[in-house]
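Please look through the sequence and the model shown here before reading on. The notes that follow are arranged by topic.

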Amino acid sequence: MLSLSIILLLICIGLITYYFLQLRQHYQYFSRLHIPTPPFHFFFGHLKTLWNSTSFPRQFETWTKEYGKIYGVYQGTVPTFVVSDPDFLQEVFVKQFAAFSGRTNFFASAKIQNVFTSSDATWRRHRHVINPTFSAAKLKLMSPLINGCITNVMEKLVDHVTSDSEFNIYTYYKRMTMDVICRCAFGLDTDVQSNPNNMYFKKVEELFGARIRSTIFFKLLQVVPQVRTTIVKIFDSINNVRAFINIRLLPSVSKKQLHERPDMWLHNRLHSVIEQRQQTPTSRVDLLQLMLQVITNEQINDVVQDGSKTNYRLTREEIVSNIFIFMLAGYETTSTTLAFATYELARHPEVHRKLQAEIDQLPLATDDMSDDDMKKYPDYDIVAQMPYMDLFVSEVLRMYPIANQAIQRRASEDTIVQGIKIEKGTLVYADVYSIHYDQELWGPEDPKIFFPERHETKRHPMAYLPFGAGPRHCIGMRFALIEMKILLVRLLLEYSILPGEHLHNKLNIHEQPALAPEAVWVKLVKRSV
Ligand code: HEM
């Protein structure tokens, strides 16, 4: 008996020693490569410092000042290169994309993948199906749908103009962008603008407010990625039980629902979006239609795909997962950029005047004109021809790279970049703040100053990264730009934006999970053109 206990004790000691030796080995990764590293804690790596900072990107920016354009951090044990050298990034994001086609594998354990969370062959399959969604031809067809939602927001704004009071315009942008993405991508008339209590909208909002990164659960998964799959499975099972009770059992008995995680709530309800479309088919080829054209009930094994793109299929669960990610990405990013654009317009009367001057020159009909050549609302063709608008929006996105945390790649094989050996599984993170505010890349005007004309000068191809870079750049970029520009044209054609008294003190920019202000308080004044 005693000898058995001793054997067990020795095995335990052996395993612990082996684990610590492994950790030690992991933590020598950067020193072996002679890459500088800020001080870190055994077991946590740099996570403790990152958790205590205002945001990961801001901490990376601070470290870049001390450790240079290429340095390393350990997220738990995962080595991460933090890079603000544009040539190095070009190599990773563009030239060697085949070796860097994924992002962090944080979601790899999730049951169902989508175009954002997947990697390698699975990602190629998703992206191939979804890519045609926002072609130029499709964007042209979407302009009336976008304009319809913008007409709704313009009607809502009238109340604030007549009452001559300052108000938080960001709230209106969020509702509008949710309606736009749902209408254009899924043919869904959510009308969140008239019904802000729409449950889909509330859950998406809840998801962004959830500060998931600060939860113990999230932190544990970061430190010990090995237990990720098991823990995620346990959480998913609990949520599935809750969903079953909420959907099947409770409705007939009680209105009170058991709490489901907002992401799980959405996943569990989005099936009805598919059913709705299958019951009422449409001739429009939107994102949902493209995905339904390739739906399959069979299991897909990407490893043994024959490589023929015509065979690319999506399962029902994958379609749901893509709807989910598009609702999220399509709504938050665009409304936040519009919020920052409005903030900058309220602060810079000169920029505001120039943009209005360009808008006033557009071939748009006013109410009393009936010229057939004139369009009532700006569309794809009109907003595509606005040089100053381009400069303005680019400067907003340079100063506020809202989704910068997504701009990272994971090595799917061992490779060498600029003479540095990068092992499979290593992350490369673009330090977008350091790049977007780099005097060498963006001078001679101080990059801290809002100056749209700086974009007239040709810059390094990797100096401007708000939508990422390479084959995996933002799939909704052109859609977002058209939507934002149409909104700005119609807003500034009718109103001038003035700063509200609370503009600065209620801005409260935060960065978890994406860069966003709390509120943008402005006044709208009717123009007398
Ligand atoms: C101003 C608005 C937007 C910004 C700043 C933005 C930014 C980004 C960034 C930085 C990425 C990561 C790119 C990379 O890793 O290289 C990304 C990916 C993505 N974005 Fe956007 N985005 C915006 C609007 C949209 C919209 C409107 C949609 C949907 C209609 C969308 C859908 C996506 C998707 C699905 C991905 C993942 C692409 C992939 O991994 O293949 N985004 N976005």
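**Briefing on the predicted model**

C474 touches R127 and F467, leaving aside residues up to four places away in sequence, where a contact means heavy atoms within 4.5 Å. The model is predicted, so to speak of local features requires a pLDDT of at least 70, side-chain atom pairs count only at pLDDT 80 or more, and totals for chains, interfaces and linings use all residues. Residues are numbered from 1 along each chain as its sequence is written, and side-chain values use heavy atoms, with hydrogens and water left out.

**Annotated positions**

- The UniProt record, an unreviewed entry, lists C474 under "binding site"; UniProt positions are given in the numbering used here, feature names are shortened, and annotations may be inferred rather than shown by experiment.
- C474 is found in the loop between α20 (439–442) and α21 (477–494), with helices (H or I, at least four residues) and strands (E, at least two) taken as DSSP runs numbered from the N terminus.
- With a relative accessible area of 31%, C474 is partly exposed, on a scale where buried means under 20%, exposed over 50% and partly exposed in between (1.4 Å probe, protein chains only).

- Strand β2 (residues 78–83) runs parallel to β9 and is joined to it by 4 bridges, and the bridge partner of V82 in β9 is Y429.
- Strand β6 (residues 408–410) runs antiparallel to β9, to which 3 bridges join it, and R410 stands opposite L427 in β9.
- In a regular strand the side chains alternate between the two faces of the sheet. In strand β9 (residues 427–430), L427 and Y429 point one way and V428 and A430 the other way, and all are buried.

**Q59 in helix α4**

- Q59 has its place in helix α4 and is buried, with a relative accessible area of 14%.
- Residues up to four places away in sequence aside, Q59 touches T49, L50 and S53.

**Helix packing**

- The axes of helix α7 (residues 136–162) and helix α8 (residues 169–186) come within 9 Å and cross at roughly 155 degrees.
- That angle makes α7 roughly antiparallel to α8, since angles under 35 degrees count as roughly parallel, over 145 as roughly antiparallel, 65 to 115 as roughly perpendicular and the rest as oblique.
- The contact between them involves residues including M142, L145 and C149 of α7 and Y172, M176 and V180 of α8.
- Helix α12 (residues 262–269) and helix α15 (residues 316–347) pack at an angle of about 130 degrees, with their axes 9 Å apart, which makes α12 oblique to α15.
- D263, L266 and H267 in α12 meet V320, S321 and F324 in α15.
- In helix α6 (residues 120–130), the buried residues are T122, W123, R125, H126, R127, V129 and I130, and what covers them includes α14 (287–293), β5 (314–315) and α15.

**A loop position**

- K376 is found in the loop between α16 (349–360) and α17 (380–383), where, at 49% relative accessibility, K376 counts as partly exposed.
- K376 and P363 are 13 residues apart in sequence and 9.0 Å apart in space, C-alpha to C-alpha.

Note on methods: Two strands pair if DSSP finds at least two bridges between them. Axes are lines fitted to C-alpha atoms, for helices over the stretch in contact, and angles run from 0 to 180 degrees between N-to-C directions.
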